[in-house]
Amino acid sequence: MTETEKTHWLLNHLPNIFHEQDFKFDDDDSVQKLIAEMINAGKYVGGRAGAYEERVLRITVLEELFPITSLRKDSDYAQVFVDILQCHMWLYDHPKVLHRDISMANIMCRVDSAGNVFGVLNDFVLNSGRGGHAPPSDGYAALHGLRPAQRGEGSWPHLHCYDLEALFYGMLMIFCRHSIINEPQPDGTS
């Protein structure tokens, strides 16, 4: 079995991107360039120079995915979480990537024409390499990972266990909010 055949399963758990394009704001008269110059010169930042992080407008067109909350069967929820765990582990082991933004908005699902449900790990905008330093994301955050930010230490290495803890919080949110929908039985009982 070739490496491509071994990893083909992963494509079911990543979004299909049809088109992606970045638009930079690097014209000399752009608003972003003027703001950067003012911040770097110390204007409007208490008289001290700051570091301006340039922004990019990124447009991504991808297939329609469904929120995990659209699922109605417990077995589908279980399958989605297993898929997300396997996908995340493969990304960590092979290309050595951490997602860094696990949240309910980024745990999606795809349903194929046969009705099979696949968990899809979406939105890799904040990803980093293994052990990469990065500020916290807006997703669920690991308790241990919050401590450096609370002490004002800025960035810290993002660990695999932080993403797993964030996934756990997503699962907990689903489990606490999910109610089993009982289908009526032929005899009228639920």
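Select E63. This residue is buried, with a relative accessible area of 14%; buried means under 20% relative accessible area, exposed over 50%, and partly exposed in between (1.4 Å probe, protein chains only). The model is predicted: local features need pLDDT of at least 70, side-chain atom pairs count only at pLDDT 80 or more, and totals for chains, interfaces and linings use all residues. Residues are numbered from 1 along each chain as its sequence is written, and side-chain values use heavy atoms, with hydrogens and water left out.

**Stop 1: around E63**

E63 is found in the loop between β2 and β3. Helices (H or I, at least four residues) and strands (E, at least two) are DSSP runs, numbered from the N terminus. Now show the neighbours of E63. Leaving aside residues up to four places away in sequence, E63 touches L14, P15, N16, F18 and R110. Contact here means heavy atoms within 4.5 Å.

Zoom in on N16. Its backbone nitrogen lies 3.1 Å from a polar atom of the E63 side chain. Then turn to R110. The side chains of E63 and R110 make a polar contact at 2.3 Å. A polar contact is a pair of N or O atoms within 3.5 Å; within protein, one must be able to donate a hydrogen and the other to accept it, and residues adjacent in sequence count only if both atoms are side-chain atoms.

**Stop 2: the salt bridges**

How many salt bridges are there? The count comes to two. The rule asks for a side-chain nitrogen of Lys or Arg within 4 Å of a carboxyl oxygen of Asp or Glu.

One is E63 with R110, whose closest N and O atoms are 2.3 Å apart. E63 sits in the loop between β2 and β3 (66-67) and R110 in strand β5 (residues 107-111), so the pair ties together parts 47 residues apart in sequence. R110 is buried too, with a relative accessible area of 10%.

Next, select R58 and D22. They form a salt bridge, with the closest N and O atoms 2.7 Å apart. This pair links distant parts of the chain: R58 is in strand β2 (residues 56-62), D22 is in strand β1 (residues 17-24), and 36 residues separate them. R58 counts as partly exposed, at 42% relative accessibility. D22 also counts as partly exposed, at 37%.

**Stop 3: β5 and its sheet**

Select β5, the strand that holds R110. Is β5 largely enclosed or largely open? Four of its five residues are buried, so β5 is largely enclosed by the rest of the structure.

Three strands form an open sheet in the order β3-β5-β6, with antiparallel pairing. β3 and β6 stand at the edges with a single partner strand each, so one side of each has no neighbour in the sheet. α3 packs on the sheet and touches β5 and β6; its direction makes about 40° with that of β6. Axes are lines fitted to C-alpha atoms, for helices over the stretch in contact, and angles run from 0 to 180 degrees between N-to-C directions.

Two strands pair if DSSP finds at least two bridges between them. β3 and β5 pair over two bridges. β5 and strand β6 (residues 117-121) pair over five bridges. Click C109. It is the bridge partner of F66, and in β6 the partner of C109 is G119.

Follow the chain from β5 to β6. The two strands form a hairpin with five residues between them. In the turn, G115 has a positive phi of about 90°.

**Stop 4**

Select A78 in helix α3 (residues 74-93). A78 counts as partly exposed, at 44% relative accessibility. Draw a distance from A78 to M171. Their C-alpha atoms are separated by 9.5 Å, while the residues are 93 apart along the chain.

Move on to K96, in the loop between α3 and β4 (97-98). K96 has a positive phi of about 60° although it is not a glycine. Most residues other than glycine have a negative phi. K96 counts as partly exposed, at 40% relative accessibility.

**Stop 5: α5**

Finish with helix α5 (residues 160-177). At 1.5 Å a residue, its 18 residues should span 26 Å, and its end C-alpha atoms are 26 Å apart, which agrees. The expected span is 1.5 Å times one less than the number of residues. Colour the buried residues of α5: H160, Y162, D163, A166, L167, G170 and I174.
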